[in-house]
Amino acid sequence: MASTTVNVVRYTALLGGVFYGIAHRRSLQKAHDADVKQHAIHEREHLIAEAKDAWKKKQESNKGGVVTDPEDPRFDLEKLIAKWESDSL
């Protein structure tokens, strides 16, 4: 059988390894959580930029001067049909 000193050293090393593993796992988890948070922020910024670009394109396409609201006094059905035909090509 192993002596008492050897058993104390073994169990001390075992507990030290367990506590080191716990501490290391926490540090890795903290770094992973920060990375996930940064990725989410970057993804939101990307989506906002895409939405802004789409809105600008929509606003630029509306500058064609075609009014699509039939209640508007500037509404012209012929221009609207011509715009629809040009967009479908």
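Helices (H or I, at least four residues) and strands (E, at least two) are taken here as DSSP runs and numbered from the N terminus. By this assignment the protein contains two helices and zero strands. The radius of gyration, taken over C-alpha atoms and compared with a globule rule of 2.2 Å times the number of residues to the power 0.38, is 33 Å, well over the 12 Å that the rule gives for 89 residues, so the protein is more spread out than a compact globule. The model is a predicted one, in which local features need pLDDT of at least 70 and side-chain atom pairs count only at pLDDT 80 or more, whereas totals for chains, interfaces and linings use all residues. Residues are numbered from 1 along each chain as its sequence is written, and side-chain values use heavy atoms, with hydrogens and water left out.

Along its principal axes, the C-alpha trace spans about 100 × 25 × 20 Å. Of the 89 residues, 3% count as buried, where buried means under 20% relative accessible area, exposed over 50%, and partly exposed in between (1.4 Å probe, protein chains only). The accessible surface, computed by the Shrake-Rupley method with a 1.4 Å probe, comes to about 8,400 Å², of which 60% belongs to carbon and sulfur atoms.

Helix α1 covers residues 4-61 and includes V6, which is partly exposed at 35% relative accessibility. The C-alpha atoms of V6 and K79, 73 residues apart in sequence, are 94 Å apart in space. A13 also lies in helix α1 and is exposed at 51%; its C-alpha is 21 Å from that of S27, 14 residues away in sequence. Y11, L14, L15, V18, F19 and I22 make a nonpolar surface patch of about 620 Å², a patch being made of residues with over 30% relative accessible area and no salt bridge, with like charges joined within 9 Å and nonpolar side chains (Val, Leu, Ile, Met, Phe, Trp, Tyr) within 5 Å.

Two salt bridges are present, each defined by a side-chain nitrogen of Lys or Arg within 4 Å of a carboxyl oxygen of Asp or Glu. In one, D72 meets R74 at 3.2 Å, N to O; D72 is buried at 19%, whereas R74 is exposed at 62%. In the other, D87 meets K83 at 3.0 Å, N to O, and because these residues are four apart in helix α2 (residues 77-88), about one helical turn separates them. D87 is exposed at 52%, while K83 is partly exposed at 25%.
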